[in-house]
Amino acid sequence: MRLSTSRRSTIPVMRRLLRWAFNGMTLVSAALLVATCVLWVRSYFGVDALFCRSETDQIVFCAGGGQFALQDIENYPSYSSLKQGWQTRRDPGSRAVRDQLFWNRSVSGGGNPFVKKPSNPYRLGFWWGTLLNPDPAMPGDFVVIGYIWPLSVPWGILPLLWLWRFRHWLRDRRREHGLCPACGYDLRATPDRCPECGADPATRRAT
Ligand SMILES: [Zn+2]
């Protein structure tokens with residue numbers, strides 16, 4: 001008996017925590033969705049680059065002309081003289097965009113002499129492969145190329161789920177208050193059919 005009462009009190013707490021987690025993750029998702037869209041639009045007016053550099057390695061993410069490139073460059077001794085850590089850079093103008101698109105096209109097209117063959121075709125709008133190093137003793141660099149807009153799709157899932165849940169919550173609330181679940185019209189005088197939008201609250205409850 002004692003167990004059941006304690007369990008009864010923990011379930012709402014769990015549910016509330018889950019709801020908070022869901023809302024928080026939705027908010028993060030929505031922020032990333034907006035950020036990706038901003039990056040996508042910006043990419044047509046210049047090239048944005050984010051890179052992380054250590055003494056010999058560098059990971060670069062650049063966006064230009066609606067496309068992105070993620071590159072992992074390893075074992076470049078010359079990096080030791082450059083600034084280390086996370087850095088961002090923006091090259092404005094159409095020329096930077098053209099250069100970025102030319103580089104993307106030459107690498108993903110497989111005509112580039114430094115692309116390890118056979119080059120992979122685009123899969124789901126993405127291309128990835130290895131760039132050969134002119135020095136055969138050095139390992140190749142890993143490259144991923146693709147369009148920016150598909151990156152926003154995963155961030156849209158949680159906000160859509162949230163809106164869907166919100167719609168259900170709104171309908172339930174309207175029903176509880178004797179309002180039409182479809183349009184919110186007061187149904188206390190006509191509980192069988194909404195005079196405003198013609199919805200039948202009874203059939204809507206079944207679906
Ligand atoms: Zn209605």
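In this predicted model, the buried residues of helix 2 pack against strand 1 (46-53), strand 2 (58-64), strand 3 (67-73), strand 5 (126-131) and strand 6 (141-147). Contact requires C-beta atoms, placed from the backbone, within 7 Å; helices (H or I, at least four residues) and strands (E, at least two) are DSSP runs numbered from the N terminus. Residues are numbered from 1 along each chain as its sequence is written. Because the model is predicted, local features need pLDDT of at least 70 and side-chain atom pairs count only at pLDDT 80 or more, while totals for chains, interfaces and linings use all residues.

The buried residues of helix 2 are Val97, Gln100, Asn104, Val107 and Ser108. They cover an arc of only 105° around the axis, which puts them on the same side of helix 2; the arc is taken over directions from the helix axis to the C-beta atoms. An α-helix has 3.6 residues a turn, so residues three or four places apart point the same way. The face turned away from the buried side of helix 2 carries the exposed residues Ser94, Arg95 and Phe102. Buried means 20 or more other C-beta atoms within 10 Å of a residue's own, exposed 12 or fewer, and partly exposed in between, with C-beta atoms placed from the backbone.

Just after helix 2, glycine 110 takes a positive phi of about 85°.

Pairing requires at least two DSSP bridges between two strands. Strand 2 and strand 3 pair in the antiparallel sense over seven bridges, and alanine 63 stands opposite phenylalanine 68 in strand 3.

Notes:
Contact = placed C-beta atoms within 7 Å.
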